[in-house]
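Please open the model in a viewer and keep the selection tool at hand.

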Amino acid sequence: MPGGLTVQVSVDSEYGVLVNGYFLSQNGFHFDNVTDIIDGTKVFLSFPQNRDAPLSKQISDDPGKEAVDQRFECPIGRLVFLFSFILKIGRLRYIMTNKSQHPFIVFGAPQIKTPEIEEVIETLKSGWLGTGPKVARFEHNFARYKNISPANVAAVNSCTAALHISMIAAGLEPGDEVITTPMTFCATVNSIIHAGLTPVLADVHPSTFNINPEAIEAAITSRTRAILVVHFAGRPCEMDKIMTIAKQYNLCVIEDCAHAIETEYHGEKTGTIGNFGCFSFYVTKNVITGEGGMVLAQQEQDINRVKRLALHGMSKDAWHRFGDSGFKHYQVMECGFKYNMMDIQAAIGIHQLARVDENWQRRKVIWNRYQEAFAEFPVVCPIDPAPNTRHGYHLYTLLIDKQQTGITRDEFLDAMTKENVGVGVHYLSIPEHPFYQQKFGWKPEDYPQAMKIGRQTISLPLSAKLTDDEIKNIVLAIRSILDHR
Ligand SMILES: Cc1ncc(COP(=O)(O)O)c(C=O)c1O
């Protein structure tokens, strides 16, 4: 290239990596002027010296140019120059375009593989789409995963449904109070209301984001009948303390395990510690069926009630009524709901569950990479998992405090979208929402820990589907945002 400059850099060296034909420097700048790749180990980056070219104009206008030219006389100086040259151009380029060049990284992208696709097709071909043998198989496999009997498991069509009918099956009655966390998805609180019960909030611990056992005890009244805990982000709640409180006050414990399929606490698997455990297989969860849920209960009779409530209150195994062994009469025993899982959903779940540990391992790696990458950043990272527990690694959250970062959480969210990275907020605290303020008179300030977390939190992609390049791009995006704040 006459008058131009060609730089040779090793691929996957300390200088950077080659991603989709772009050279990505360690500082996070993309170079699309890769002219040649030798054996996949070296790249040549070319920069034109034509003043009319925008890139070249930036170089010529660069006040560091003279010193750079002198350094270029000796071989070591040349190397130093070349690298700093790359970084400078990259930085100018970032400022000029402020646009990432990688495709959008979806938050919570499900990982769908061939076995579940084939199983769904097979289910469709079988003609049995509704609740049937595949649901029974999924329940059986889930019970095995949780090391309990299939008689203690019932598949339903969402975690919201699971929570709702668990509370009915628990024998809770209208007006009874259920203590829960303000740091959760609205479904947790709504299901309490749907069951005709009264939700009472107890604030969370500032570093675990989980319901604080001391706050639970402080919220107990003569009407309290249950505690509904949420293992936030996959980190188990302090179940020893919570179960002790429950025993002392004769309370039912329901575990919202929407984030916590793989989670364990002191050797016990979540969902099997309290009286009921409720799981979600919604599309962003660790095991997915599209929509779907599961109830675990300590007592077999509670599962029988859950199954009945999930299918209009009809007598046990009413789904058999259309089977090939002839029509079976059923009886309606109570006014139930339409919450049953379909075989099409279970067909996905069976194969998702088979990969649950493999995917957990991958998310653990991603979680730890984030922990290492952000340790020196002016953001608050999650605390490490507690000893003798297994974290579910469902969410990776950062807290963005404007005092530290120079930008607000919401500006950070926007900047991440501009960087082509999908993000989430888990969650604005429950009392921030108008409905609950009007219905219960809750104010965010009354639950200060949840309020603070809800106003500062941001969740990063943590899907097992993320590639190493995508993880690098996410880290680089955050570094760029913080560098340019
Ligand atoms: C903590 C929590 N509870 C309950 C639910 C409701 O789950 P589903 O969508 O399966 O009803 C969710 C879903 O996001 C959740 O995150």
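Helices, of at least four residues, and strands, of at least two, are DSSP runs numbered from the N terminus. The model is a predicted one. The chain has 485 residues, of which 44% count as buried. Among its contacts with a separation of 6 or more, 68% are between residues 24 or more positions apart.

Next, select the open sheet of 7 strands, whose order is 7-15-14-11-10-8-9 and whose pairing is mixed. Which strands stand at the edges? They are strand 7 (153-156) and strand 9 (198-201); each has a single partner strand, so one side of each has no neighbour in the sheet. On average, neighbouring strands here are turned by 20° against each other, direction ignored.

Within this sheet, turn to strand 10 (residues 224-230) and strand 11 (residues 252-256), which run parallel and are joined by 5 bridges. Leu228 is found opposite Ile254 of strand 11.

Helix 9 (residues 239-249) lies across strand 10 and strand 11, at about 170° to strand 10.

Finally, select the ligand. How many residues surround the ligand? There are 14, and the closest are Ser158, Cys159, Thr160, Ala258 and Ser280. Helix 6 (159-169) and helix 7 (186-194) are the elements that each give two or more residues to this shell. By class, the shell comprises 6 nonpolar, 7 polar and 1 charged residues.

Note on methods: Residues are numbered from 1 along each chain as its sequence is written. This is a predicted model: local features need pLDDT of at least 70, side-chain atom pairs count only at pLDDT 80 or more; totals for chains, interfaces and linings use all residues. A residue is near a molecule or strand if its C-beta atom, placed from the backbone, lies within 6 Å of it. Ala, Val, Leu, Ile, Met, Phe, Trp, Tyr, Cys and Pro count as nonpolar, Asp, Glu, Lys and Arg as charged, and the others, Gly among them, as polar. A residue is buried if 20 or more other C-beta atoms lie within 10 Å of its own, exposed if 12 or fewer, and partly exposed in between; C-beta atoms are placed from the backbone. Two residues are in contact if their C-beta atoms, placed from the backbone, lie within 7 Å. Two strands pair if DSSP finds at least two bridges between them. Axes are lines fitted to C-alpha atoms, for helices over the stretch in contact, and angles run from 0 to 180 degrees between N-to-C directions.
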